[in-house]
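Please work through each task with the structure at hand before reading its solution.

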Amino acid sequence: MSFTRNQVIILIMGLALVAGVVFLLIYGSQKNSSELSGTINFWGVFDSPAAMGEVISAYRATQPKVDVVYRQIDPNSYESELINALASGRAPDVIMFHNSWLPKHINKILPLDPAQISIPQYRELFPQVAEQDFAPDNAVYALPLYIDTLALFYNQDTFDNSSIAVPPKTWGEFEKLIPKLRQLDKLGRIQKPAAAIGGSNRSINRAPDLLSLLMLQTGTEMVSKDFSRANFSSKEGINALNFYTKFANPISPAFTWSDSFGYSLDSFSVGDTAIMFNYGYQAPYLRDKNPFLNFRVIPMLQPDDRSQEVNYANYWGLAMTVAAQNKLVAQDFIIKITTDPTIAERYLTITKRPPALRSLINKYINDPEIGTFARQALTARSWPQIDSVEIDKAFSEMISAVLTNRLSSQRAIEEAAGKVSQLMDQRAR
């Protein structure tokens, strides 16, 4: 049986139509199988429902059948509320998880499926500090939403009035500027400090973080490799402690601060202190507190003999709790809003926080507002803390003991290391 030319064309078109329908059916079923549905509960700390709502909307554009119920918790009670919720069976599926929490709260969250996010993928996506904090031992427990780091805030007007054209880049340069920046009365007493450094938590916002940075910059091994004891009472750790506290030592040529001066954020915000060391999240606070404050933010100081930069990170990521009811959805939500550049960029645009994704770090590395923090994320470090709250107390007490001459620096740091080692031992039991 033979076919005319027109019949052949019609036959081919018919076969093509059938093939197209079959393809659409197969593709449609595959697409539908990748679509998730259900509701997850998500707890956050600093992001308002309005801000996080935009991020959730961006996620739901990829999974329209998923509902995400977001709740913002008071940061002062967040950790305790989470623990109580887990104990009572009311815990959310997804939580904001601090970068220092894994040693303390690893039993409260689940690792993510390596088929969905592997360690090699993690390394390609995020800076080294994120793997160090959230993905040890080849298991991914959390993904960072952003990465903040300590930087140097300085008062441009004070620098100009002191005839300082270029801010310091190293600790040696910083120390030389102190006599030019601090203002003394006729009796030689400090009226306006050069910098907020050297005090305890009583007067310095994030004092333990600043001291931790100095320890890491001097090569201090903070804890033993088997995570059984604190090691920061070494020679390097003592040197870092002595360097830090000399700025609050009245007999030191570098003296410029005292715990009696008030709080560092307040002193800097009103223009009384020329330099403050803090995180990027404090910049909006300073602008709100004093719109006329003419301050700049530059990279964190480094040792004069540095071979490579060391910065200090403080940030939050997303993790799935052990109580998650819809694990597939929870995992998909975590991965998408942290690794999808479009959604992740929406988050940083709303919150003004520095990016965690390497691709966005590269994009924002020269941004006038967050560029400094974006660059520093690549060289940021931290250290595993068995209990960040208790360690903050131990570090602050260590600083106070030195400043009040209650203990020598060696004895004070040994006492602090002993407290941290005891916490580690209790947790290991």
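**Exercise 1.** Determine which helices cover the buried residues of α14, and identify those residues.

*Solution.* Step 1: The cover includes α2 (49-60), α13 (327-339) and α15 (358-364); helices are DSSP runs of H or I with at least four residues, numbered from the N terminus. The model is predicted: local features need pLDDT of at least 70, side-chain atom pairs count only at pLDDT 80 or more, and totals for chains, interfaces and linings use all residues. Residues are numbered from 1 along each chain as its sequence is written, and side-chain values use heavy atoms, without hydrogens and water.

Step 1: In α14 (residues 341-351), the buried residues are Ile 343, Ala 344, Glu 345, Tyr 347, Leu 348 and Thr 351. Buried means under 20% relative accessible area, exposed over 50% and partly exposed in between (1.4 Å probe, protein chains only).

**Exercise 2.** Find the salt-bridge partner of Glu 345 and state what the pair connects.

*Solution.* Step 1: Glu 345 pairs with Lys 363, their closest N and O atoms being 2.8 Å apart. A salt bridge places a side-chain nitrogen of Lys or Arg within 4 Å of a carboxyl oxygen of Asp or Glu.

Step 1: Because Glu 345 lies in α14 and Lys 363 in α15, the pair ties together parts 18 residues apart in sequence.

Step 2: Glu 345 is buried at 18% relative accessible area, whereas Lys 363 is exposed at 53%.

Definitions and conventions: Helices (H or I, at least four residues) and strands (E, at least two) are DSSP runs, numbered from the N terminus. Contact means heavy atoms within 4.5 Å.
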